[in-house]
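Visitor: I would like to learn how to read a protein structure, one feature at a time. Could you guide me?

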Amino acid sequence: MEGFLTDEQRELMKVATETAESHPPAHNPHSVLHTSSHMPKASAGGKPSGGSNAVKHRRSHAGRSIRSKKDGGGGKGNWGKLIDTDGDYDIDRNDPNYDSGEEPFELVGATVSDPLDDYKKAVASIIEEYFSTGDVDVAAADLIELGSSEYHPYFIKRLVSVSMDRHDKEKEMASVLLSALYADVINPNQIRDGFVLLLESADDFVVDIPDAVNVLALFLARAVVDDILPPAFLPRAAKALPTTSKGFQVVQTAEKSYLSAAHHAELVERRWGGQTRTTVEEVKKKIADILKEYVETGETYEACRCVRELGVSFFHHEVVKRALVIALENHAAEAPVLKLLKEAASENLISSSQMVKGFYRLRESLDDLALDIPSASTKFDLIVPKAISGGWLDASFSYPSEECGRQQVEDEKLKRFKEKIVTIIHEYFNSDDIPELIRSLEDLGAPEYNPIFLKKLITLALDRKNHEKEMASVLLSSLHIEMFTTEDVADGFVMLLESAEDTALDILDASNELALFLARAVIDDVLAPFNLEEISSKLRPNSSGTETVKMARSLIFARHAGERLLRCWGGGSGWAVEDAKDKISNLLEEYESSGLVSEACKCIHELGMPFFNHEVVKKALVMGMEKKKDKMMLDLLQESFGEGLITTNQMTKGFTRVKDGLEDLALDIPNAKEKFKDYVEYGNKNGWVSSSFVTCLTEDANLN
């Protein structure tokens with residue numbers, strides 16, 4: 001430290017040091033050790049941290065040793081700043097007693113390698129190599145080997161955007177590659193999402209490519225002609241885009257200038273002249289001719305030879321689809337068509353994935369086929385089991401109508417649930433009414449979707465102010481007591497962290513804030529520290545999600561973690577748990593003196609901590625035992641239960657906590673067990689406690 005002092009300060013330092021050696025240092029009222037009257041006494045994890053600097057342990061109701069909840073223990077309000085100490089405290093670096101360890105820490109996010117950036121760099125190389133060689137199979141293999149399939153929409157955006165600024169040859173090659181990768185390597189939803197990214201970026205493309213709108217419109221039309229985008233994509237995309245955007249102009253141009261023109265398919269296919277590859281439309285025509293000739297001659301070997309000579313292994317799904325259409329149209333052709341497909345599969349001419357893809361594409365177009373072939377769906381249902389039993393269609397392709405119907409019902413139920421919870425969460429952010437939210441969730445009757453609710457709650461809070469972030473954590477504590485299991489909470493965080501990369505695209509500081517939510521859940525006793533290990537094990541190694549878990553773990557075991565995490569969003573007006581307990585004790589003592597039940601209920605309501613009302617129950621029962629005020633305390637609990645202030649879950653939890661501490665209570669109150677038994681009978685008679693608690697208590701009594 002001396003390197004930062006003037007000569008005069010060094011002299012003063014020397015004198016102060018000599019004085020300190022002969023006299024103990026005076027008590028420093030501004031020392032960080034004296035910033036709070038509730039300063040913790042023992043460090044987390046059982047590791048001593050020296051003197052009274054350590055963080056206090058308390059015993060949770062679940063028997064876990066956790067950090068004390070200071071300055072905001074789950075009550076209303078905001079969390080405070082992560083580096084807050086008391087407002088009047090300043091560190092003087094020139095103080096002889098200055099200790100650099102007293103400096104507050106800042107939350108500094110660990111440097112994390114962004115998987116998306118790594119993916120983008122890798123695909124740039126794949127695309128350049130493809131434009132140099134024109135080898136579709138190598139490009140497909142490289143993309144499969146790269147992995148990270150969740151980022152494939154960015155590959156589509158990169159491929160098209162790079163080709164837009166090149167010659168027509170590269171544009172044609174890009175369209176051919178997309179058609180080849182469709183379904184086998186990149187699924188239909190990712191194709192759609194990739195084009196959405198392109199449309200959203202159209203305004204940026206125009207800056208560097210003057211005719212970007214026209215070129216992108218042609219790519220869009222080509223994707224529709226090549227059957228990798230459904231025609232319905234265009235009106236949906238136009239509806240989602242601002243009418244003043246270039247993306248909207250792209251959709252309009254594709255519809256009006258290309259797809260509405262006479263012979264539009266041929267026009268679009270041949271728009272980029274000078275291509276070196278056979279166009280998709282030409283390949284389709286050749287496949288149709290081969291199949292037509294095969295149906296007339298029945299020569300399987302010759303048909304397989306012609307298909308092989310096409311040299312388009314990535315497009316064999318078109319052979320399968322067109323062959324099946326012929327079988328549906330002409331009953332007499334069904335047997336030879338199935339024979340051809342079986343032969344092609346046995347010779348490995350048509351791969352298993354191409355066969356499944358062809359069946360999948362036909363299934364998707366059954367509604368359209370039904371206009372010309374009314375029995376198309378019925379006939380297809382009969383062909384599928386024949387193909388599977390014949391061993392040339394993978395059993396993974398199933399078409400049980402009943403199962404599909406059940407899946408559709410389940411998908412619709414999930415869709416409605418997501419729509420409703422968004423409304424419920426917004427109403428909660430406006431009203432701060434936890435009991436009303438819990439009632440709304442119970443009315444939905446879908447506990448299996450609890451993790452999805454948690455994900456949506458925190459996702460919405462991330463994009464709002466600190467006040468809503470605090471409300472989300474307070475709600476999570478309450479839901480864990482009332483409705484959610486620890487597994488629900490853990491699964492919800494896994495879902496959040498799995499999509500952390502996507503979230504970071506919209507919310508720059510998402511990783512740090514998710515770490516704070518996760519650490520806060522541990523401090524609030526919603527999760528245990530070992531749950532972090534379980535969550536991390538379910539995530540992809542070295543992903544943004546696992547780095548977030550590491551960050552949360554470091555926050556939890558940092559110095560004064562309890563205080564800082566409870567106030568990390570700013571404000572710091574929330575109560576500490578110890579403060580809440582003191583308030584509960586005071587209101588019960590005041591009730592004992594006045595006997596005014598209504599006033600006591602009003603005070604319980606004003607606490608604004610419905611998830612902590614089990615403490616009211618516990619203290620009321622213990623006070624009834626100690627001061628022989630049984631009837632008075634039971635009357636208060638009855639009134640609180642009747643008014644809906646204290647729920648059955650909170651009542652049961654309060655009774656459970658008293659039960660867990662009966663052995664200690666019996667040392668001071670000899671008849672504590674008999675009293676508690678009477679309380680349980682009274683509570684059970686009035687419906688306060690859950691039947692499972694009473695049953696468990698009875699079984700324990702029988703065992704003892």
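Predicted model: local features only at pLDDT ≥ 70, side-chain atom pairs only at ≥ 80, totals over all residues.

Visitor: What does the secondary structure of the protein come to?

Guide: The protein has 36 helices and four strands, and 46% of its 704 residues count as buried. Among contacts between residues at least 6 apart in sequence, 74% join residues at least 24 apart.

Visitor: How many disulfides does the structure hold?

Guide: A disulfide is a covalent bond between the sulfur atoms of two cysteines. Here the structure holds zero disulfides, and for C601 the nearest cysteine sulfur, that of C603, is 9.3 Å away. Because a disulfide needs the two sulfur atoms within 2.5 Å, the 9.3 Å from the sulfur of C603 to the closest cysteine sulfur, in C601, is too far for a bond.

Visitor: Is C601 buried or exposed?

Guide: C601 counts as buried, because its relative accessibility is 2%, whereas C603, with a relative accessible area of 23%, is partly exposed.

Visitor: What is the volume of the largest pocket, and which residues are the closest to its centre?

Guide: Rolling a probe the size of a water molecule over the atoms shows where empty space is left. In this model the largest pocket has a volume of about 1200 Å³, and of the 28 residues that line this pocket, Y182, D227, P230, E364 and S365 are the closest to its centre. Helix 14 (316–329) is one of the helices that supply at least two lining residues, and helix 14 gives the most, with six. The lining divides into 14 nonpolar, two polar and twelve charged residues.

Notes
Residues numbered from 1 in each chain as written. Heavy atoms only, no water. Buried < 20%, exposed > 50% of the residue type's maximum accessible area, 1.4 Å probe, protein only. Contact = heavy atoms within 4.5 Å. 1 Å grid on protein atoms, 1.4 Å probe; cavity = no way out; pocket = protein on both sides within 12 Å on 5 of 7 lines; lining within 4 Å. Points joined across faces, edges and corners; volume = space filled by probe spheres on them. Nonpolar A, V, L, I, M, F, W, Y, C, P; charged D, E, K, R; others polar.
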